[in-house]
Structures are given as structure tokens and as C-alpha cells.
Amino acid sequence: MLPRRDPETQSEGTVAGYAQTFQRWPSQPLVRRPQTHSELTGPQNLARRLGSVRGDLAGHGAKRALGQLIHLRTRVVDEDGAPVPGAVVEVWHCNAAGKYIHPNDTNDAPADPNFYGAARLVAGDSGLIELRTIKPAAYPVPDTAGWWRPPHVHFSVWGRVWLSRLVTQMFFPGEPLNDADPILNAIRDPQARSRCIARLALTAKGPQNALVYEYQLVVRGRSAVPSLP
Amino acid sequence: MTRLVPTGEMTLGPFFPREFAEGANDLAAGVRETEVIEITGRITQLDGKALDNVIVEIWQADSQGRYDNAEFYGWGRAASDANGVYRFRTVKPGSYDGRAPHINFLLLYSGLMRQLQTVMFFEPAKDPVLDAVPASARPRLVAKREGAVYRFDIRLRGDGETPFFDD
């Protein structure tokens with residue numbers, strides 16, 4: 001069985017200042033269900049079905065994307081802190097002007113022909129995924145009263161079982177917009193919220209002088225087999 | 001041992017890369033099964049508007065009720081189209097261990113702060129997950145059959161709201 005979630009450490013369903021949540025989050029309370037074999041299994045070797053997509057979003061040489069080069073060092077672990085090797089992770093974010101490679105993005109910021117906005121990676125034995133990219137910019141949210149999203153990186157992660165699925169966003173330290181963002185602040189517990197902000201690793205020299213950010217993604221579940229003494 | 005708290009979930013946002021959502025909604029491709037079914041439905045929000053590009057992921061057993069069949073990969077992903085309609089091709093799962101045939105659904109979308117989990121059943125049945133839902137709402141988790149097509153509409157909020165699960 002997986003431990004139940006603590007609602008304080010998770011986002012609220014409806015969020016003031018984010019109108020769509022009031023159209024889309026269910027009005028009825030979520031139903032508690034028993035955990036059976038069906039929820040406690042999940043797709044294995046997902047990488048074979050989905051394949052990997054790029055491992056470098058920043059490009060090289062004359063084809064280098066604009067923006068501050070960064071190196072994201074992200075570890076996927078379970079609730080025991082044990083690495084989840086083979087975890088599939090999808091990453092996407094906007095460019096250094098705040099524009100996504102997506103037809104639905106109406107922001108008039110310029111596209112960057114050398115920036116690739118999406119990667120799918122597979123965690124190694126230590127649960128580590130590494131991604132070279134550029135730091136995304138802030139951007140305004142259309143049809144809102146001055147809401148700007150702080151720079152952030154989207155993650156979609158598969159853990160060991162169906163109930164371990166995690167979709168979240170990673171934020172950057174020291175960004176003034178972090179304090180006003182309805183999405184980040186939908187997590188009530190301040191410590192849980194601060195864990196959604198990456199750590200700048202000033203001493204760790206990244207490849208090609210990229211700034212290194214470290215981050216940890218904790219998926220639901222305990223380690224499958226406790227180690228023997 | 002220190003317990004770590006699972007990372008807080010956040011919305012998928014409106015710009016989930018299209019390429020991620022493509023090519024994973026046919027679970028029956030290459031499967032030697034005689035009975036291939038289609039599962040389709042329309043996803044709407046409170047004001048009745050159909051939702052474009054909702055990401056729907058499913059997890060199901062094979063026709064014998066097994067989750068570890070190397071010949072059948074029980075996971076799939078689809079995106080709803082401009083009419084709010086998603087589609088999967090798959091096989092009907094078998095029952096096992098007290099569970100009626102069912103397919104687990106997971107929805108990800110802009111404006112959904114966390115993933116929404118629901119379950120599709122093929123007929124009214126005795127099942128511990130279906131039984132956890134108030135009796136009046138159970139029919140909303142049972143797909144409507146039209147030949148080889150099972151229709152499973154999802155209403156996120158409002159009249160006829162689909163029951164969603166917390167676990």
C-alpha cells in the first residue's frame with residue numbers, strides 16, 4: 001500500500017486568481033478508494049514504448065539557443081529517498097523570451113529557431129537525469145489582471161506504479177515573481193512549497209560553464225524490497 | 001529511515017508538447033486478440049464547453065485480467081481534439097481477484113492543479129472501487145456500449161459530474 005497524501009503538501013483544487021480551476025476542478029469531494037493490484041502496478045519499461053526525445057535543449061555552436069545556459073541535475077527518488085532507476089521524465093519549458101513552441105501560445109514574444117522546448121529522458125541507476133538547456137523567462141498570462149508566470153520548468157514523471165504518476169513545475173530561486181504565483185502558492189505548506197524551487201549549485205561547474213541547478217522529484221511509493229542487514 | 005514527502009503536483013499548463021501526446025492511443029496494435037474495442041468520450045467543464053488537448057492516460061489489465069503480460073502493454077495516452085473527444089483502441093480487460101473489468105483513467109490539463117483519477121467500468125458490477133462511490137453516481141462510471149465502441153464521457157465539474165478518486 002502507498003501512504004495516503006497529506007493535502008497540506010499538495011495543491012488546492014481551486015485557486016483564487018486562476019479562473020480555469022473553478023471550471024475544471026470537481027465540485028464533489030474526491031472518493032477514497034481501496035488500493036488494489038490495479039492501482040499498485042503500472043507500465044514498466046515505458047521508455048521502450050515512448051522512446052526518448054532529445055537530451056539537450058540548448059543547441060550548439062552557431063545553433064545555440066539564446067539565453068543563460070543552465071544544467072539541470074534532477075534526481076527521481078521515492079518516499080524512502082531511494083532512487084528510481086529507469087523512471088521516464090518529460091521536460092518542457094519556454095524560451096529565454098517567454099515563448100513556448102506551441103500553437104496555443106499567443107504571447108507575442110519571439111520564437112528562437114535554435115531552442116527545442118521538449119525532452120524525454122530516462123533516469124540512470126542513481127535516479128539522475130541531466131539536461132542542458134537555457135533558463136526560461138517569465139511571461140504574462142493572457143486574460144488575467146497582471147499575472148506573470150515566474151520562470152519555471154515543467155516535469156512529467158512516472159514512478160514505479162500507476163499511483164506514482166507526478167506532473168509538476170520546478171521554479172528558480174530568488175525570483176520575485178515566485179511569491180505572487182497562484183500555482184506555486186497553491187501548495188499551502190511553506191516547506192513543501194520551497195521544495196518546488198531548485199537549488200543553485202554554485203560550486204559545481206557544469207559542462208560548458210552552464211549554471212548548475214539541482215532538483216529532486218519525489219514520487220509516491222516506498223522502496224520495493226527493504227535491504228537486508 | 002526518513003520519510004520524504006511526495007513533490008507537490010501542479011497543473012500541466014496549456015503548452016504540453018503535442019509530440020508527447022501522439023502515437024500512444026492504440027493498445028491493440030500488433031496484439032493477437034479477436035475482440036478489439038474502441039473507447040471514446042467527450043470531456044467537458046462546468047459551463048459545458050468541450051475541452052481541447054486534455055491529456056488522458058489509461059492503465060488496464062489484458063483480456064485475462066493480467067497486468068504483467070509482455071505481449072500486451074496495458075498503458076496508453078491520448079489527447080482530446082478540438083471537439084473535446086479522445087479515443088483509444090484496445091482490448092476489453094478481464095476480471096481478477098474481486099475486481100470487475102475496468103480501466104483506470106488519469107486526466108492532466110491546464111486548470112487542473114492535480115491529476116484527476118477516475119475509472120471506467122463496462123457494466124454495473126460488484127467491485128470495491130465502484131462500491132466506494134455513492135450509489136446515485138455509480139452509473140456515471142459505466143460506459144455506454146454501441147457495438148464495439150464504448151462511450152465514456154467525462155464531466156469535470158457541474159451537472160452529471162464524473163466521480164473522481166483520491167488515493
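This is a predicted model: local features need pLDDT of at least 70, side-chain atom pairs count only at pLDDT 80 or more; totals for chains, interfaces and linings use all residues.
Helices (H or I, at least four residues) and strands (E, at least two) are taken here as DSSP runs, numbered from the N terminus.

Is B:N53 buried or exposed? A residue is buried if 20 or more other C-beta atoms lie within 10 Å of its own; B:N53 has 20 such neighbours inside 10 Å, so B:N53 counts as buried.

A:N45 has a positive phi of about 50 degrees, although A:N45 is not a glycine. This asparagine lies in the loop between β1 (31-32) and α2 (46-50) of chain A.

Now step back to chain A as a whole. Chain A has three helices and 11 strands, and from the N terminus on its elements follow the order α-β-α-β-β-β-β-β-β-β-β-α-β-β. The C-alpha trace spans about 50 × 45 × 35 Å along its principal axes. For 229 residues, a compact globule would have a radius of gyration near 17 Å, and the 18 Å of chain A agrees with that. Of the 229 residues of chain A, 40% count as buried. Among contacts in chain A between residues at least 6 apart in sequence, 70% join residues at least 24 apart.

Finally, look at where the two chains meet. The contact takes 62 residues from chain A and 50 residues from chain B. On the side of chain A that touches chain B, the elements giving two or more residues are α1 (21-24), β1, α2, β3 (88-92), β9 (166-171) and β11 (211-218) of chain A. The largest share, four residues, comes from β9(A). By class, this side of chain A has 25 nonpolar, 22 polar and 15 charged residues.

Two bridges join β1(A) to strand β10 (residues 165-166) of chain B, and the two strands run parallel. Which residue in β10(B) is the bridge partner of A:R32? That partner is B:D166.

Notes. Residues are numbered from 1 along each chain as its sequence is written. Chains are lettered from A and ligands numbered from 1 in the order in which they are written. A residue is buried if 20 or more other C-beta atoms lie within 10 Å of its own, exposed if 12 or fewer, and partly exposed in between; C-beta atoms are placed from the backbone. Two residues are in contact if their C-beta atoms, placed from the backbone, lie within 7 Å. Ala, Val, Leu, Ile, Met, Phe, Trp, Tyr, Cys and Pro count as nonpolar, Asp, Glu, Lys and Arg as charged, and the others, Gly among them, as polar. Two strands pair if DSSP finds at least two bridges between them. The radius of gyration is taken over C-alpha atoms; the globule rule is 2.2 Å times the number of residues to the power 0.38.
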